[in-house]
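Hi,

Here is the structure I promised to pass on.

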Amino acid sequence: MATKLAGGTTPDLDAMIGLVRTLGQEKFAPRAARYDADATFPFENYDDLRDAGLLKLCVPTRHGGLGADYRTYCLVAAEMGRWDGATALTFNMHACSQLWTGPLADDLDMTAADRAELETLRAGHFRRVVEEGAIYAQPFSEGSAAAAGKAPFGTLATKVDGGWLINGKKIFASLAGAANYYGVLCTEDKPDRTMRDTHYVAVPADAPGLTVTGDWDPLGMRATVSRTLVMKDVFVPDQMQLMPRGLYFKAATAWPHMFMTLSPTYMGIAQAAYDFTVQYLRGEVPGQPPVKRRMYPTKQIAVAEMYIKLQQTRALFERTIAEARVNPGKEARLRCYATQYTIMENANELCRLAIRTCGGQSMLKSLPLERLYRDSRCGSLMLPWTAELCLDRLGRETLYEPGEQDD
Ligand SMILES: Cc1cc2nc3c(=O)[nH]c(=O)nc-3n(C[C@H](O)[C@H](O)[C@H](O)COP(=O)(O)OP(=O)(O)OC[C@H]3O[C@@H](n4cnc5c(N)ncnc54)[C@H](O)[C@@H]3O)c2cc1C
């Protein structure tokens with residue numbers, strides 16, 4: 001039976017993880033197949049998260065939240081991913097909107113005026129989450145080099161009296177049609193625009209000029225409902241900025257671990273694939289005949305290999321989230337790319353091994369493994385740190401110091 005976390009103080013980490021486990025086991029996992037089949041958003045899960053107090057996980061305690069820091073968020077999110085990947089992935093978009101503007105932004109170098117403005121802006125957003133149970137999304141991707149961190153965003157924010165006019169298009173906007181606010185990354189409309197002009201603004205879902213378009217029938221992570229957002233002359237008041245002008249660029253540069261927050265979801269999926277395999281080989285999957293397959297040496301070796309891969313992945317995950325901080329040294333930054341790569345690739349590899357080990361019956365749609373397999377495939381594709389881009393960064397940054405060039 002789930003309980004409710006009040007906010008205003010940070011609960012014990014085990015209590016938070018325990019609550020997510022109970023919700024996941026009793027509610028999210030049994031619902032996951034239906035949301036996956038229909039490719040619809042798990043509103044019931046979000047009602048449960050709201051009732052349990054978990055929507056305010058990353059809101060600082062002085063604003064009435066649970067005050068989760070980076071590591072706490074990652075551990076709680078990994079537990080959620082173990083029970084339902086799509087809920088965990090969308091929860092990442094919501095919770096990180098508060099994590100980034102809260103404790104991570106606190107660490108940045110900024111003027112006193114910017115700090116005061118940040119405090120005023122985020123107080124409004126935190127209040128919406130704590131008092132109204134609002135849900136935030138993070139639509140950044142545009143199908144250009146911007147989401148990879150290689151070019152300014154094409155979505156433009158033009159300064160007008162009292163606010164901003166937003167024009168542009170965002171693809172793969174998880175929580176499309178479900179979020180109350182879309183935290184959009186755009187570029188301030190001015191001559192010679194660069195990535196330093198990135199602006200982070202919350203667009204209310206009911207703002208005139210905002211439409212959700214396109215269909216959504218993907219391979220995996222179907223319940224994220226990541227459709228397209230089109231914004232045409234959407235007016236957003238100044239107080240809806242999520243950060244003062246120019247601060248997002250500083251955050252993206254100084255806090256690289258903020259781009260690793262998608263990976264706890266997939267850490268959870270990796271665990272789920274292993275859990276399922278053990279249950280299946282022991283003949284203990286609910287609703288299935290109690291046929292044991294654990295006595296075959298090949299199965300024992302396969303599950304041993306899965307366990308080793310899972311532990312290797314988890315060890316790197318725990319090390320990296322423990323050392324996450326502003327302006328990390330080179331080693332920690334490289335390890336961050338390596339961790340993202342490892343989790344995303346190993347989650348899919350563990351699902352592949354799970355299906356091969358458990359056999360044909362295990363991949364029927366009546367069981368969760370084939371959904372885990374499809375969901376796990378999505379992790380490596382997610383910008384800004386796709387598996388390819390992690391390799392790209394690692395290849396360059398291991399061999400070149402900043403500013404170094406070949407003749
Ligand atoms: C289930 C799901 C949910 C998502 N939810 C969100 C969300 O809520 N918000 C959001 O902003 N995005 C979201 N995304 C989008 C995701 O982060 C990527 O933007 C999207 O998958 C990019 O797809 P693409 O084919 O357009 O990539 P492209 O930009 O066409 O890139 C294709 C591949 O080329 C490589 N590549 C790209 N740029 C470069 C470069 N400059 N140099 C070298 N290689 C490069 C990358 O490996 C990339 O995978 C989601 C994606 C999925 C699958």
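Let's start with the domains: the centres of domain 1 and domain 3, taken over C-alpha atoms, are 22 Å apart. The bounds come from an automatic or database domain assignment, which gives domain 1 (13-135), domain 2 (156-246) and domain 3 (255-399). Before you go further, this is a predicted model: local features need pLDDT of at least 70, side-chain atom pairs count only at pLDDT 80 or more, and totals for chains, interfaces and linings use all residues. Residues are numbered from 1 along each chain as its sequence is written.

Domain 1 puts 22 residues into the contact and domain 3 puts in 20 residues (two residues are in contact if their C-beta atoms, placed from the backbone, lie within 7 Å). On the domain 1 side, helix 1 (13-38), helix 3 (70-83) and helix 4 (85-106) each supply at least two residues. Helices here are DSSP runs (H or I, at least four residues), numbered from the N terminus. Helix 3 gives the largest share of that side, nine residues.

Now for a helix pair. Helix 1 and helix 2 (residues 43-51) pack at an angle of about 165°, with their axes 10 Å apart (axes are lines fitted to C-alpha atoms over the stretch in contact, and angles run from 0 to 180 degrees between N-to-C directions). That makes helix 1 roughly antiparallel to helix 2, a term for angles over 145 degrees. Leu 23, Lys 27, Phe 28 and Arg 31 of helix 1 make the contact with Glu 44, Asn 45 and Asp 48 of helix 2.

Cheers

Definitions and conventions: Angles under 35 degrees count as roughly parallel, over 145 as roughly antiparallel, 65 to 115 as roughly perpendicular and the rest as oblique.
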